[in-house]
Every structure is written in C-alpha cells, then in structure tokens.
Amino acid sequence: MSVSSQNPPQQSGNNLDPWYYNYAARTAGLAASEVRALFAVASRPEVVSLAGGMPAVSALPQELVIDSMNRVMREQGSVALQYGSGQGVPKLREQILDVMAMEGISASADDVVVTTGSQHALELVTKLFIDPGDVVLAEGPSYVTAMVIFRSFQAETQHVAMDEHGMIPEALRERIAAVHADGKKIKFLYTIPSFQNPAGVTLSWERRQEVLAIAKEHGILVLEDNPYGLLHFDAPPPPAIRSLDEDGVIYLGTFSKTLAPGFRVGWALAPHAIREKLILANEAAVLSPSSFSQLIVSQYLDTIDWRAQVDRFRGVYRERKEAMIGALTEYLPNLSWTDPQGGFYVWLTLPPHLDSKQMLPRAVKELVAYTPGTAFYADGSGRNNIRLSFCYPTPEAIRVGIRRLQNVINGELDLLETFAATGPLDTVRDRTFSAPPPNLD
Ligand SMILES: Cc1ncc(COP(=O)(O)O)c(C=O)c1O
C-alpha cells in the first residue's frame, strides 16, 4: 500500500519526505550538518583529509586480530554467536579494570557496563538523565557527536571556557551561577579531560580536583569521557577524575582508539545506583552488547602484549603530530594552534575575520579538508577556528595538506584585501598576521 493512501492529505508532508510532520519533536536536533555533503567529496583519495577522527587501524597487525578471532571461534564459538548479558562479558569487565588502572582508577567489575562503543554509553547516560530543557555543561569547544545526542534529547548544551590547561574552574563557577539564575537545571558536566576532542588540550591535575570540587559543591554529576588518555606521546596525562571520586563521576572508556573502532566495544564505569539503570537501558536498547566482539577483545587482551601495541600506536600518532606542528610552523607561522601531548587533534585559530566554514568549499577544491570550528559549539562560536586531525593521514600527506591549507588561507586573505569593506588594505593585513591570543571559547 502506498504511503499516501494510508495517510492524511499531503499538507502534512513536504516534497522530499512525506513523513516530515510526523517526526517526534526531538528529531529536530538530528539535522545533517551543512558540511556533510562536502565531506562526501572530501573522501576522494586525492583530497588530504584532516577532518575525520579515524584511528590508524593499519598500525594494528591484522594477524593479531585473526589469531584472537580464530581462538574465540574454536574455543567459545557457541557463546560468541549467542546473546549475552546486558552488562557485558564478566571476564572482559575484569580486564577493563586493568586498563582503567593505568589511569589511576580502582573499581569493581560489578560497576562496569559494556556498551556498543562509548558513543552508546553517552546516549544511554543522556537518556537516563535528560528531560527536555535540561542543561548539560560541556567544554567550549566540545565533541560534536556528544552534542548531537544532547540535542536529540532536547537538552541545552552550555559551554565552559577553556585555555591551554583545559576547562577554567572560574568559568565553570560562573556558568553554573548563570544557569541557576536562569532557573534551569544542570543535569551533568560533560568533560573530555585528556587530549580533548577537538582542542587537544589536557585538564591539569590541580584543575581536575577543582572542577570535581565545584561539581560536588553544586550536586552536579560529572560525565568523564576518556577515549584518548592512553595515547600520550611522552608523559601520561594526570590520573582520571574518576580516580578522585567514585560516587559523583560516570567514566566512559573505549577500545576504539587503543585497539580498533570496528569492534564497537566501549564501557561505562558508573556509581552503583546508576549502574543498575544503565544495564536496564542497555538491555532495552540492544538486549546485549555483541558477545562476538567482546570475546575477541577479551582474547586479544589475554594473549597479546596489548600494552606494547598501544605503545606502537603512540609512536605512530606522535610522528604524525610532529609532522603537523612542523608543517604549521613552516607554512602558517603567524597563526596560533594548540600543541597536544597525546590524542588526535590540533585546534587552529585563524585571524578573527576569516570564517572557516565559508572557506571550506575553497579548501576542498584545493584538495584539503578540515572540520570548521563551529561544529564543536552549540552556540555558533568557533567561526575562526579549525579542527585538524593528524590521526589518519601519513606524515607526508599531512605536510601536503597543511601546504594546501596555506594556499587556501592566503587565497582567502587576498580576496578580503581585494574586496575589503572594512578599511584600508594595510589594516586588513596587519590584523591578519598579528598572532591572536589562544582562543578556545
Ligand atoms: C570524545 C569522544 N567520545 C566518544 C567517542 C566515541 O567513540 P567510540 O564510540 O568509538 O567508543 C569519540 C570518537 O571519536 C570521541 O572522540
């Protein structure tokens, strides 16, 4: 039966989607970004993409995975192919404790819930806590796809400013006071303290304690998202916030960056009471996380020197980060950027009158792609910022990409000079290459 014969007249639809007016209000938050179409072009091989956050899975010897997979199928095939527990495979939950111990966390496997990537844990936590109109506090800028989830549950994301040491405690206090003065309810503080996505900065140890103390003082739950903590280049980041407090923090981890994202295995470590609800929400959503993936990850952790493999990943990303910082220093010396000590991302600040979203089509034409800064703010900020990912392209490709970016930026500046309505050319030129102060808010 056709859609139109079953449904009310077409005034309830539009030309492209006859169901347009039938969607739940919350789907308004699921609008595709304007740059999505460009990214389809950017995935062509001749384009150097500094846009995505794809891990360098080619640095993982495939034999290691094949061995683990073969053993699982030989020894536990019928378990791997079956539904499992909504909380996750018990042995894997024990092994996750060893992983988290490297970040200073001591916990019980009873409080670990395995999820379909940490992305799914983010969604489950949001589902448990958010009513329409609630406020989530998040660093400004913050992880774009977390904010998509918050928006899809009709939460309002409000940002807390950062500097090169991460979230600024004073800004957190001020933001909490402003939200309360507005009569709104803050449900949690979402933070990525180590090698933040997208800014690449790390919350200092002093600030971790201060941020937690402020959250506790105001009865605000902390949602600590830590996919990159183990991928440090030299010194490890400070211990996780969760190492300081087990009652007021939900901690999210994942094997996506330290093993491979294709397994879709992540986890939440939650305070006891919340854990119970998380398991129920997990069961309602997926019945059980994939037994197959969990057993392979568990086998891998059991039989492979996974710490040595994490160390190899660190080496790969360190080399790529150095290539990016080297190329920025050479080609764009008058701009400012963050210098991450781990993770995947550099946050670049353009001259204030350049708009990174407007510039993107020109960049893709010049065969380089990046993510405009506005993607990482809920309030339209970030116009003169760019997130550059160094995780996926080779060091050579990164250099080529940054050289192309230099051309794009110069082209844009030439255009501005030609059509400057804002004042004499020299003024534009002066403002362009006076390095702006670090600006992450
Ligand atoms: C900050 C942050 N959180 C969560 C995720 C989701 O990771 P996954 O679902 O693969 O565990 C990502 C992925 O890039 C991320 O950058």
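**Sheets, helix packing and the ligand shell**

Four strands make up an open sheet, in the order 10-11-14-13 and with antiparallel pairing; two strands count as paired if DSSP finds at least two bridges between them. Strands here are DSSP runs of E with at least two residues, helices are runs of H or I with at least four, and both are numbered from the N terminus. At the edges of this sheet sit strand 10 (336-337) and strand 13 (371-372), each pairing on one side only. Strand 10 runs antiparallel to strand 11 (residues 345-349), and two bridges join them. W337 has L348 as its bridge partner in strand 11.

A word on the model itself. It is a predicted one, with local features needing pLDDT of at least 70 and side-chain atom pairs counting only at pLDDT 80 or more, while totals for chains, interfaces and linings use all residues. Residue numbers start from 1 along each chain as its sequence is written.

There is also an open sheet of eight strands, and its pairing is mixed, with the order 2-9-8-7-6-3-4-5. Strand 2 (112-115) and strand 5 (166-167) are the edge strands, each pairing on one side only. Inside the order, strand 8 (residues 249-254) and strand 9 (residues 266-269) pair in the antiparallel sense, and four bridges hold that pairing. T254 stands opposite G266 of strand 9. Helix 4 (residues 90-101) packs on this sheet and touches strand 2, strand 8 and strand 9, with its direction at about 100° to that of strand 2. Contact between two residues is taken to mean that their C-beta atoms, placed from the backbone, lie within 7 Å.

T254 turns up again at the ligand. The ligand has 13 residues around it, and G117, S118, Q119, T254 and S256 come nearest; a residue is near a molecule or strand if its C-beta atom, placed from the backbone, lies within 6 Å of it. Helix 5 (residues 117-129) gives the most to this shell, with three residues. Sorted by class, the shell has eight polar, four nonpolar and one charged residues. In this sorting, Ala, Val, Leu, Ile, Met, Phe, Trp, Tyr, Cys and Pro count as nonpolar, Asp, Glu, Lys and Arg as charged, and the others, Gly among them, as polar.

Next come the helix pairs. Two packed helices are described by the angle between their axes and the distance between the axes. The axes are lines fitted to C-alpha atoms, for helices over the stretch in contact, and angles run from 0 to 180 degrees between N-to-C directions. Helix 5 packs with helix 9 (residues 272-286) at an angle of about 115°, and their axes are 10 Å apart. Helix 5 is therefore roughly perpendicular to helix 9; angles of 65 to 115 degrees count as roughly perpendicular, under 35 as roughly parallel, over 145 as roughly antiparallel and the rest as oblique. The crossing of these two helices is right-handed, a crossing being right-handed if the near helix is turned clockwise from the far one by less than a right angle, and left-handed if anticlockwise. L124, K127 and L128 of helix 5 meet K277, L278, A281, N282 and A285 of helix 9. That contact has five nonpolar, one polar and two charged residues.

Helix 11 (residues 306-331) and helix 13 (residues 395-419) pack at about 25°, with axes 9 Å apart, so helix 11 is roughly parallel to helix 13. Here too the crossing is right-handed. From helix 11, E319, R320, A323, M324, A327, L328 and Y331 meet P395, I398, R399, I402, R403 and Q406 of helix 13. The contact divides into eight nonpolar, one polar and four charged residues.

For helix 3 (residues 62-80) and helix 10 (residues 291-303), the packing angle is about 125° and the axes are 8 Å apart, which means that helix 3 is oblique to helix 10. This crossing is right-handed. Helix 3 brings residues including L64, V65, S68 and M69, and helix 10 brings residues including S291, F292 and L295. By class, ten nonpolar, five polar and one charged residues make the contact.

Finally, some backbone details in the loops. The G140 to P141 peptide bond is cis, with omega near 5°, and P141 sits in the loop between strand 3 (135-140) and helix 6 (144-152). Another cis bond runs from N197 to P198, with omega near 20°; P198 lies in the loop between strand 6 (186-191) and helix 8 (205-217). F195 is found in the loop between strand 6 and helix 8, and F195 has a positive phi near 50° despite being a residue other than glycine.
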